Amino acid sequence: MSPPYQPAYVKPAAGQDPTLADMNDPFTLPPQKLTSIGDLLTAKKITWAWYAGAWDEALAGRGVGTKMPNFQAHHQPFNYMEQFAPDTPARAEHLKDGGLSGVAFLKDVDDGKLPAVSFYKPQGNLNEHPGYADELSGDQHIADIVAHLEKSPQWKDMLVVVTYDENGGFWDHVAPPKADRWGPGNRVPAIIISPYAKMGTVDHTLYDTTSILRFITNRWQLPELPGLKLRDDAMKANGTGTIGDLTGALNLR
């Protein structure tokens with residue numbers, strides 16, 4: 001489904017607001033009213049931002065999902081939410097252009113201006129997705145991003161999590177645990193890079209991608225998002241236990 005706001009797969013309706021997708025198109029998801037991790041951080045006065053690679057390029061109508069840079073509109077979760085609609089203060093403050101090949105994001109990294117919680121989503125041709133991207137370009141991009149982060153003035157206080165979607169592929173020799181209809185599925189890579197990381201360690205704590213939100217929640221003592229509780233309840237109901245919050249991979253003093 002296309003987000004209701006540009007950049008989107010669905011073009012604006014003729015003669016209507018150019019910042020919107022056509023709300024009558026069946027592929028446009030109506031604006032969502034869910035509480036996000038961003039809302040909880042804002043309420044606690046914790047700075048945060050979502051950096052999307054090639055966001056401004058996509059807004060200009062270039063490379064949305066077909067041609068380079070293959071911007072993936074459905075990979076931008078906050079662009080589905082009513083509180084981040086065009087012309088809102090929340091959108092201006094928190095939804096950032098990462099630039100082509102991440103140059104705008106890297107400038108904030110190099111200048112030591114990253115918010116306390118920063119998400120970075122590379123443009124489509126750098127995200128290693130099968131079918132329209134390649135692994136080498138994505139790996140080189142990650143290595144470049146990490147090299148900049150390690151030289152950042154903020155590095156000494158930083159935790160970097162590199163992870164993926166797509167359920168890790170179509171096959172895994174370890175059966176996934178049972179929870180609900182949404183997973184957990186097959187394993188995905190998750191790499192912890194930090195001065196606080198347990199070096200040379202493979203952590204066997206049970207994690208899923210909500211573990212990142214769980215860590216943010218615990219670090220800043222935020223209210224628990226309903227989705228985190230639902231996942232825990234599903235795991236407990238199947239006798240699997242709860243999902244970790246990344247602290248098992250860290251040396252926290």
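Helices α6 and α7 are oblique to each other, because their axes cross at roughly 120 degrees and an angle that falls in none of the parallel, antiparallel or perpendicular ranges counts as oblique. This is a predicted model.

**Helix pairs**

α6 covers residues 210-219 and α7 covers residues 226-237, and their axes come within 10 Å. The crossing of α6 over α7 is left-handed. On the α6 side the residues that meet α7 are T210, L213, R214 and T217, and their partners in α7 are L228, R231 and D232.

A second pair is formed by α4 (residues 103-110) and α5 (residues 135-150). Here the angle is about 20 degrees, and angles under 35 degrees count as roughly parallel, so α4 and α5 are roughly parallel to each other. α4 passes α5 in a right-handed crossing. F105, L106, V109 and D110 of α4 make the contact with D144, I145, H148 and L149 of α5.

Two packed helices are described by the angle between their axes and the distance between the axes. The table gives these values for both pairs.

| Helix pair | Angle | Axis distance |
|---|---|---|
| α4 and α5 | about 20 degrees | 9 Å |
| α6 and α7 | roughly 120 degrees | within 10 Å |

**Sheet**

Three strands make an open sheet in the order β2-β1-β3, and the pairing is parallel. From one strand to the next the twist averages 25 degrees. The parallel pairing of β1 with β3 runs over 5 bridges. A52 has K121 of β3 opposite to it.

**Nonpolar cores**

The largest nonpolar core holds 24 residues, and the members that touch the most others are I37, L41, F78, V117 and I216. At least two residues of this core come from each of α1 (37-43), β1 (48-53), α2 (55-59) and β3 (117-121). Another core lies apart from it and has 15 residues, including I145, V146, L149 and V160. Of these, I145 and L149 also belong to the α5 side of the contact with α4.

Which residues does L41 contact beyond its neighbours within four places in sequence? They are I46, W48, V117, I216, W220 and L222. Among these partners, V117 and I216 are, like L41, listed with the core members that touch the most others.

Terms used: Residues numbered from 1 in each chain as written. Predicted model: local features only at pLDDT ≥ 70, side-chain atom pairs only at ≥ 80, totals over all residues. Heavy atoms only, no water. Core = buried A, V, L, I, M, F, W, Y, C linked by side-chain atoms within 4.5 Å. Buried < 20%, exposed > 50% of the residue type's maximum accessible area, 1.4 Å probe, protein only. Helix = DSSP H or I, 4+ residues; strand = E, 2+ residues; numbered from the N terminus. Contact = heavy atoms within 4.5 Å. Pairing = 2+ DSSP bridges. Axes fitted to C-alpha atoms, helices over the stretch in contact; angles between N-to-C directions. Parallel < 35°, antiparallel > 145°, perpendicular 65-115°, else oblique. Left-handed = near helix turned anticlockwise from the far one by under 90°.
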